[in-house]
Amino acid sequence: MATTKITIKHNGSIRVEGDFEIVDPEGKPFGLAGRTAISLCRCGHSANKPFCDGSHKAHSFSDAVTARDLPTPEPRP
């Protein structure tokens, strides 16, 4: 299985590293030009969504991140 690391940064972006593909809602892949690491916007201010352009700094985006366990999902019918 491919290894992908996703890091949620304090007050910033979501960093994706490794072997991954990003697709739009229709399943069409974004052309990543061979990149093996990208940052995704988390603040909503990027002019290049879904990718981060650093706008979170100018807008003083603030959100500290702490890892936690998610609850067990409900069974699907």
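On a 1 Å grid over the protein atoms alone, a cavity is a set of points where a 1.4 Å probe fits but cannot get out, and lining residues are those with an atom within 4 Å of a point. Grid points are joined across faces, edges and corners, and a volume is the space filled by probe spheres set on the points. The structure is a predicted model, in which local features need pLDDT of at least 70 and side-chain atom pairs count only at pLDDT 80 or more, whereas totals for chains, interfaces and linings use all residues. Residues are numbered from 1 along each chain as its sequence is written, and side-chain values use heavy atoms, with hydrogens and water left out.

A search of the whole structure returned 1 cavity of 30 Å³ or more. The volume of the largest cavity is about 40 Å³. Its lining includes Cys 41, Arg 42, Cys 43 and Cys 52, as well as Asp 53, Gly 54, Ser 55 and His 56. By class, 3 nonpolar, 6 polar and 2 charged residues make up this lining; Ala, Val, Leu, Ile, Met, Phe, Trp, Tyr, Cys and Pro count as nonpolar, Asp, Glu, Lys and Arg as charged, and the others, Gly among them, as polar.

Cys 41 is buried, at 18% relative accessibility, and Cys 43 is buried at 17%; buried means under 20% relative accessible area, exposed over 50%, and partly exposed in between (1.4 Å probe, protein chains only).

The whole structure contains 1 aromatic pair. Phe 30 and Phe 51 form this pair, which is edge-to-face, with 5.4 Å centre to centre and 90° between the planes. Rings of Phe, Tyr and Trp (its six-membered ring) pair if their centres lie within 6.5 Å, and planes under 30 degrees apart count as stacked, over 60 as edge-to-face and the rest as tilted. The two residues are 21 apart, Phe 30 in the loop between β2 (14-18) and β3 (37-40) and Phe 51 in the loop between β3 and α1. Helices (H or I, at least four residues) and strands (E, at least two) are DSSP runs, numbered from the N terminus. Phe 30 is partly exposed at 31%, while Phe 51 is buried at 14%.

Methods. On a 1 Å grid over the protein atoms alone, a cavity is a set of points where a 1.4 Å probe fits but cannot get out, and a pocket is an open set with protein on both sides within 12 Å along at least five of seven lines; lining residues have an atom within 4 Å of a point.
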